[in-house]
Amino acid sequence: QYRAAFSPDGDTLCVTNGFAFVRVWDLKTGKKVTELKPFATQTAGLAFSPDGKLLACSDTEASVWNPATAKKLLALEPKGQFYTRELEFAPDGKALIGVSDRVVLRWALDVDPSGDKVSAGPGETTQNVEVISNVRHSPDGKLLAGLTDNGRVRLWDAKTLKRQGDLNFSKLGPSALAFRPTDGKLAVACRDGIQFVDLAEQKWD
């Protein structure tokens, strides 16, 4: 698994290249600052919190670190059956989403103002028949969107993980998605271009 994540200010880059550690680089100096380790196996997911003070990493479980001190602050449950290969913080930093094959996981986070203590409630999960990838929050933090391996865009309530519906892109070959920050429209990368979707105007399956 190869992953990279920039801090929100663009000054720090964290990378993993299939080993059981994460390297943290200072882009102003071009020097490696530290390594986060050890992990049980190769790291598969990386995500900075919106304020850049926390870094979420994952192998078969997810964990939250202080990237400046290389201190592990929290190990998260439940574990997925496979690698937790994608991670994403909610826009307000108060929740973390993980993806493990057919399972979407959510942990509510309580972050101490110092940024050096983090606690989490019991992890919530939603099972899917299909393999899920590319899970993203809407800019207002209310929705999650992700791709299924049969070409659909699936939508969930970001707090409850209750399924809201699907949009069928199976004939267009979707491969990635992202929300546009300015107006919340969903961009879906397909074989022949980008499809923009206004979810407020769509009828969901």
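Modeller: Not counting residues up to four places away in sequence, phenylalanine 179 touches Arg136, His137, Ser138, Pro139, Ala145, Gly184, Lys185, Leu186 and Leu199; contact means heavy atoms within 4.5 Å. This is a predicted model, in which local features need pLDDT of at least 70 and side-chain atom pairs count only at pLDDT 80 or more, while totals for chains, interfaces and linings use all residues. Residues are numbered from 1 along each chain as its sequence is written, and side-chain values use heavy atoms, with hydrogens and water left out.

Phenylalanine 179 sits in strand E18, residues 176–179. Strands are DSSP runs of at least two residues (E), helices are runs of at least four (H or I), and both are numbered from the N terminus. Phenylalanine 179 counts as buried because its relative accessible area is 12%; buried means under 20%, exposed over 50%, and partly exposed in between, with a 1.4 Å probe and protein chains only. From phenylalanine 179 to glycine 98 the C-alpha distance is 18 Å, over a sequence separation of 81 residues.

Arg136 and His137, both touched by phenylalanine 179, fall within strand E14 (residues 132–137), where asparagine 134 is also placed. Asparagine 134 has a positive phi, near 55 degrees, and is a residue other than glycine. Its relative accessibility is 15%, so asparagine 134 is classed as buried.

The nonpolar cores come next. A nonpolar core is a set of buried Ala, Val, Leu, Ile, Met, Phe, Trp, Tyr and Cys residues joined through side-chain atoms within 4.5 Å. The largest one has 16 residues, and Val64, Leu76, Phe89, Leu96, Trp107, Leu109 and Val118 have the most contacts inside it. Two or more residues of this core come from each of strand E7 (62–66), strand E8 (71–76), strand E9 (86–89) and strand E11 (103–111). E11 gives the largest share, four residues. Apart from this core lies another, of 14 residues, which include Ala145, Leu177, Val188 and Leu199. Two of these names, Ala145 and Leu199, are also on the contact list of phenylalanine 179. In soluble globular proteins, nonpolar side chains tend to be buried together.

The loop between strand E10 (95–100) and E11 holds aspartate 101. Aspartate 101 is not a glycine, yet its phi is positive, about 60 degrees. With a relative accessible area of 17%, aspartate 101 is buried. Tyrosine 83 belongs to the loop between E8 and E9 and is partly exposed, at 27% relative accessible area. Its C-alpha atom is separated by 8.4 Å from that of threonine 43, 40 residues apart along the chain.

Threonine 43 is also touched by phenylalanine 21, along with Thr16, Glu35, Leu36, Lys37 and Phe39, again not counting residues up to four places away. Phenylalanine 21 lies in the loop between strand E2 (12–17) and strand E3 (22–26), and at 17% relative accessibility it counts as buried. Lysine 71 is 50 residues from phenylalanine 21 in sequence, with 13 Å between their C-alpha atoms.

Now the chain as a whole. The protein chain has 20 strands and zero helices. Its radius of gyration, 17 Å, agrees with the value near 17 Å that a compact globule of 205 residues would have; the radius is taken over C-alpha atoms, and the globule rule is 2.2 Å times the number of residues to the power 0.38. The C-alpha trace spans about 45 × 35 × 30 Å along its principal axes. Of the 205 residues, 47% are buried. Among contacts with a separation of 6 or more, 37% are between residues 24 or more positions apart.
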